[in-house]
Amino acid sequence: MTDLTSGLWELLLQGVWVTVQLTVFSAALAAFVAFVVGVARTNRLWIVRFVSGLYMEIFRGTSALVLMFWMFFVLPVAFGWQLVPMWAAVLALGLSYGAYGSEIVRGALAAVAPAQQEAGIALSFSPWQRLMKISLPQAWPEMIPPANNLLIELLKGTALVSVLGVGDITFGASLVRNALGESAPVYTIILVMYFILAFLLTRVMRAVERKAKAGIGQAPTKSEGMRKPDIEQATAVSRSSQGGAA
C-alpha cells in the first residue's frame, strides 16, 4: 500500500512538470501573438487594424475549453491534422490568451507620448525604427504588471487540459483522489502547488519589471513605502524648515 501511495504522489509531482511546460509553451505563443496583434492594432492602415481587431474579438470572445476541443476533435476532421493533446492545449491557450495580451500591448504603446513619435519622425526614423527605438522601450515596463496577471491566469487555465487526458497537476490529482478515495487532502495539496507556482512567477516578473524600469532610468518603487532611516531624515528636514520659517 505504501508503494502504491508513493507512486500516486510521484504521478502528482510529474503533473507539476507538465503544468510548467504547458505554461511556458503557451506563454511563449501568447506573447508572440500579443505582440503581433497589439502592434497591428496601432497600424495606420485600416485593413490591418480591422483584421487584427477581428482576431482579438473572436478569440477573446470564445471559450478556451471549447477551442481546445475544436483543436483536438474538429481540426483532424476538417483538415486532416491530428494534434496530440499537449499541443492542442498549447495552441488553444496561446491563441486565447494572446488575444487578451494584445490589448495590453496596444494600450501600452498608445500611452507613449505623441511628442516622442514626432521626435522620431523629425529624425527620419522609419515606423519600425520608431517602434523599436522609441515606443517599445518606453511601453515595455508598463506591459509587465498586467502581463504578470495574465500569466498567472494562464497558469490556472492549464487545469483545463485535464479534460483531454494531459497529465497535468489537476489530472494527476483526479487519479490520486480516485485511488485513495480522499478529496480534501488531495485538492488542498494541489491548491498549494498552484499557489507556489503563481508566487514564483510573480517574483520572476517583479524582477523583470525592475530591470526594465532601470533600463529606461525609472527608479523601482517600494511597496513597503519609506524605510525608517528615510522617515527620520524627512522628519528632521521638515523640522529644520519649520524652524527656519519661524
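This is a predicted model: local features need pLDDT of at least 70, side-chain atom pairs count only at pLDDT 80 or more; totals for chains, interfaces and linings use all residues.
The UniProt record, in an unreviewed entry, lists residues 20-40, 52-73 and 186-204 under "transmembrane region". Two of these stretches were examined for secondary structure. Residues 20-40 are 100% helix and 0% strand. The C-alpha atoms at the ends of this stretch lie 30 Å apart. Residues 186-204 are also 100% helix, with 0% strand. Here the end C-alpha atoms are 28 Å apart.

Ser102 belongs to helix α4, which covers residues 85-110. Its relative accessible area is 0%. Buried means under 20%, so Ser102 counts as buried. Beyond its neighbours within four places in sequence, Ser102 contacts Ala34, Val37, Gly38 and Met56.

Ile58 sits in helix α2, which spans residues 46-60. Its relative accessible area is 45%. That value falls between the 20% and 50% cut-offs, so Ile58 is partly exposed. Ile58 is also part of a nonpolar surface patch.

Arg203 is placed in helix α8, residues 184-215. Its relative accessibility is 40%, so Arg203 is classed as partly exposed. Arg203 and Asn148 are 55 residues apart along the chain. Their C-alpha atoms are separated by 9.7 Å.

Notes
Residues are numbered from 1 along each chain as its sequence is written. Side-chain values use heavy atoms; hydrogens and water are left out. Helices (H or I, at least four residues) and strands (E, at least two) are DSSP runs, numbered from the N terminus. Buried means under 20% relative accessible area, exposed over 50%, partly exposed in between (1.4 Å probe, protein chains only). Contact means heavy atoms within 4.5 Å. Patches are made of residues with over 30% relative accessible area and no salt bridge: like charges are joined within 9 Å, nonpolar side chains (Val, Leu, Ile, Met, Phe, Trp, Tyr) within 5 Å. Accessible areas come from the Shrake-Rupley method with a 1.4 Å probe; for residues, only the protein chains shown count as cover. A salt bridge is a side-chain nitrogen of Lys or Arg within 4 Å of a carboxyl oxygen of Asp or Glu. UniProt positions are given in the numbering used here, feature names are shortened, and annotations may be inferred rather than shown by experiment.
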